[in-house]
Amino acid sequence: IRQGMEEMMHRFLKQHNLNFNQVYEKEQYDQMYRSAESSVLLMKKYIHYVIEKMDELEDRNDRKKQIVEFVKNFINENISEELTRKILAQNIHFSEDYIARIFKTETGKSISTYVMEVRMEFAKKYLKETSLTISEIAIRVGYNNFSYFSKTFKDYTGKTPNEFRICTKSTQI
């Protein structure tokens, strides 16, 4: 049983890209592992300890995923607004650094990069599907500075907003 628990624990850690020392205190674990073979009560304590640590990890991972989803939804629903770490933190009720760290860890992107990408994808959609002016689109996706919007759009797509619109219109014909 003890060996099976240890194998299960190591598979769990591998699935979550964690190493043993990030979850367990080595001395405490080793002591519990050794003593688990001496009685049923100590085996139960060992099993409880291993499972409790894995449950804590699952809870933390679920909470992180919920925070990231909330941030993504908030950004999508408020794309035309100013979206700073401070504003997100005020709406999510966690510290700026905590949100930024979790977001980066879970998505591989900074919040500002994600916001820019979402804004650019909205802009591409507006350019393809509407006849809004480019300055109207810039405002709808959260840019008050038209030239900065155009530069960011070109950096992101390789085309100016106008070039992008012309290309998408000509491919639809």
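## Terms and basis

A residue is called buried under 20% relative accessible area, exposed over 50%, and partly exposed in between (1.4 Å probe, protein chains only). The model is predicted, with local features requiring pLDDT of at least 70 and side-chain atom pairs counting only at pLDDT 80 or more, while totals for chains, interfaces and linings use all residues. Residues are numbered from 1 along each chain as its sequence is written, and side-chain values use heavy atoms, with hydrogens and water left out.

## Salt bridges

Taking a salt bridge as a side-chain nitrogen of Lys or Arg within 4 Å of a carboxyl oxygen of Asp or Glu, the count comes to five. Glu-121 is partly exposed at 37% relative accessible area, whereas Lys-124, at 18%, counts as buried.

Asp-30 and Lys-26 are four residues apart in helix α3 (residues 26–35), a separation of about one helical turn, and the closest N and O atoms of their salt bridge are 2.9 Å apart. Asp-30 is partly exposed at 24%, and Lys-26 is also partly exposed, at 48%. A further salt bridge joins the side chains of Lys-109 and Glu-117 (2.6 Å, N to O), with Lys-109 partly exposed at 31% relative accessibility.

Key:
Helices (H or I, at least four residues) and strands (E, at least two) are DSSP runs, numbered from the N terminus.
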